[in-house]
Amino acid sequence: MTVASQPDGGVSAEAPAPSPAGPAFAHASEAEMARILDFYAVRWEYEPSTFPILWNLDGDVVESFSPDFYLPDLDLYLEMTTLRQRLVRKKNRKLRRLRELYPGIKIKLFYARDFRALMLKYGKLALVDSLSGTSGQVVPERGVAVDPAEDLPEAVVPRVEAPRSRRPEGRAQEEPSIR
Amino acid sequence: MNGSVDLEADIGEVLLTEDQIQARVAELGARITADYAGSRLTLVSVLKGALPFMADLMRQIRVPLRIDLMEVSSYGGATTESSGLVRILKDLSTSIEGEDVLICEDIIDTGLTLNYLVRYLGGKKPASLRICTLLDKPARRLVEIDVDYTGFTIPDQFVVGYGLDYGEHYRNLRFVGVLRPEVYSSAG
């Protein structure tokens, strides 16, 4: 019996299965996560929103954050990283900044250890090594916007407060969904 | 993992003893008895892991009840590759429309399976739908789930026993223990 998600968020044994067009994932672990979400009939969108998190004194966006997944039925953003735990400091910092600026959004950071635990649970632990780190990059040239602050030590990243309205301005790629 | 598994030797730490489990199950049974007085209660167990838990729990509940069993395919299992979607391997045997349904789970970690089950069973129009889990591992939660009855909140460790398995083994342990990492690392 095949079960598929319904527009109202329920699941039915009779409905045809959705077949979302596959986006070009930046990392194989993201593709695996998309398959897991599909399996459990959880609707997802891939990188639907970009949130500016740092502006320069001219009000231009100098750093932004695009969570990997948005799960509309759960109103939840999901960011995945397969970096080793000691290397996720930069991503943690961006996540803290995002939460400060957009306190209304729900976001979870899925660490490498979380992914490993998930694969262990599903009996696919052997996949973890091949999906971790740079070797898991499946689409290395997909034109991802360069994050100007990404290569700077944290100490020299300019600290500019967000506009008082906390409404993203500058060259936001898309109106962020502030929930 | 070979055919002659020394089950208890693979356990690095006993997390919950048999006595602790039975005492907590009795407490849960007493709470459920009080909450469901006068109700039309149906316990739904999710095979295979929750079977020992429901078997013990139902005998601690002092109101009339029905039981039913469901089994759904797990991601990564043998049926995953064919469809890419959850498959109901065993559906409920009777209607739950108008019934007060209590899902008995062995463990909640990501919440994905339970999120699916709640939506699926909710479509069958029960009068109420609640969740009882023996173990809750909130550190692994991906999908938030409102859990009504929780036996134990456990740390982020891979546990087996009392229904929980690794590679279909260890379900028959009478306690819940932490599997030694070298067991699954070597099997990788």
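Guide: Here is a walk through the core and what surrounds it. This is a predicted model, where local features need pLDDT of at least 70, side-chain atom pairs count only at pLDDT 80 or more, and totals for chains, interfaces and linings use all residues. Residues are numbered from 1 along each chain as its sequence is written, chains are lettered from A and ligands numbered from 1 in written order, and side-chain values use heavy atoms, leaving out hydrogens and water.

A nonpolar core is a set of buried Ala, Val, Leu, Ile, Met, Phe, Trp, Tyr and Cys residues joined through side-chain atoms within 4.5 Å; buried means under 20% relative accessible area (1.4 Å probe, protein chains only). The largest one has 45 residues, and A:Met33, A:Tyr40, A:Phe69, B:Met70 and B:Leu112 touch the most other members. Elements that each supply at least two of its residues include α1 (28-39) and β6 (69-71) of chain A, and β3 (65-72) and α4 (112-122) of chain B. Here helices (H or I, at least four residues) and strands (E, at least two) are DSSP runs, numbered from the N terminus.

Now zoom in on A:Tyr40. Leaving aside neighbours within four places in sequence, A:Tyr40 is in contact (heavy atoms within 4.5 Å) with residues including A:Tyr122, B:Tyr75, B:Val86 and B:Leu112. Apart from this core lies another, of 28 residues, among them B:Leu57 and B:Ile154.

One last check is confidence: pLDDT, the predictor's confidence in each residue, runs from 0 to 100. Chain A has a mean pLDDT of 68, with 55% of its residues at 70 or more. Over residues 133-179 of chain A, the pLDDT is below 50.

How values were computed:
Buried < 20%, exposed > 50% of the residue type's maximum accessible area, 1.4 Å probe, protein only.
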